[in-house]
Amino acid sequence: MQPFLILASLSAIILCGSFFIADGDFAPDNCPLRAVVVLKEDGVGAKCYGYVEFCQSYQSYEPVFMQLNIYGLSPGLHGMHVHEKGDLRQGCNSTGGHFNPFNNKHGDRNAQFRHLGDLGNIVADGSGRAVYQLDDRLISLHGDYSILGRALVIHEKEDDLGLGGNLESLKTGNAGRRVACGIIGKL
């Protein structure tokens with residue numbers, strides 16, 4: 001009976017579209033749809049840089065998996081959002097607002113209703129590194145609401161996830177200035 005359970009478990013992992021290998025390492029070579037954003041600092045005093053890799057199956061309802069490799073942040077929480085425009089002519093300030101095609105209020109990455117581009121907070125360790133994996137079930141690498149060609153922006157402060165009790169919270173999460181950004185491009 002045990003061999004059957006092992007085989008069933010392996011089949012479930014394969015059918016769920018997991019793009020992570022057994023030890024938890026990101027395996028983008030197994031992803032049919034891949035993208036990357038190279039993040040560069042924006043403004044005086046900002047030292048944030050790095051990249052984020054994205055992968056997704058061909059099904060738009062499948063989650064997008066992300067491998068963060070971000071450095072030079074102050075330790076702690078920082079808002080991370082997909083912004084509506086892939087325009088960096090004026091640095092991160094020309095990327096527009098959060099990607100929000102459904103005109104929802106700002107919210108947490110796990111909220112049922114939120115800006116599509118609301119990816120919550122990332123955590124920088126004591127060395128200013130945010131190197132880990134996460135996934136999101138609302139963003140997509142294809143279809144009408146694809147994030148390809150849009151900007152990913154890292155903010156200087158923690159995102160209050162729309163719970164700050166003021167209008168700015170419902171719009172931006174009071175996450176502060178934009179410290180790094182880049183355009184999400186297909187691999």
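Biologist: Is the link of Cys 92 and Cys 181 left-handed or right-handed about the S-S bond?

Modeller: This is a predicted model, in which local features need pLDDT of at least 70, side-chain atom pairs count only at pLDDT 80 or more, and totals for chains, interfaces and linings use all residues. Residues are numbered from 1 along each chain as its sequence is written, and side-chain values use heavy atoms, with hydrogens and water left out. Cys 92 and Cys 181 form a disulfide (a pair of cysteine sulfur atoms within 2.5 Å) with an S to S distance of 2.1 Å. The angle about that S-S bond is -100 degrees, and the link is left-handed.

Biologist: How many residues apart in sequence are the parts that Cys 92 and Cys 181 tie together?

Modeller: Helices (H or I, at least four residues) and strands (E, at least two) are DSSP runs, numbered from the N terminus. Because Cys 92 lies in strand 5 (residues 89-92) and Cys 181 in strand 9 (residues 178-183), the parts tied together are 89 residues apart.

Biologist: Is Cys 55, which a disulfide joins to Cys 31, buried or exposed?

Modeller: The sulfurs of Cys 31 and Cys 55 are 2.4 Å apart. Buried means under 20% relative accessible area, exposed over 50%, and partly exposed in between (1.4 Å probe, protein chains only). Cys 31 has 7% and is buried; Cys 55, at 0%, is likewise buried.

Biologist: Which cysteine sulfur is nearest to that of Cys 48, which is in no disulfide?

Modeller: Cys 48 is buried, at 1% relative accessibility. At 9.0 Å, the nearest cysteine sulfur is that of Cys 92.
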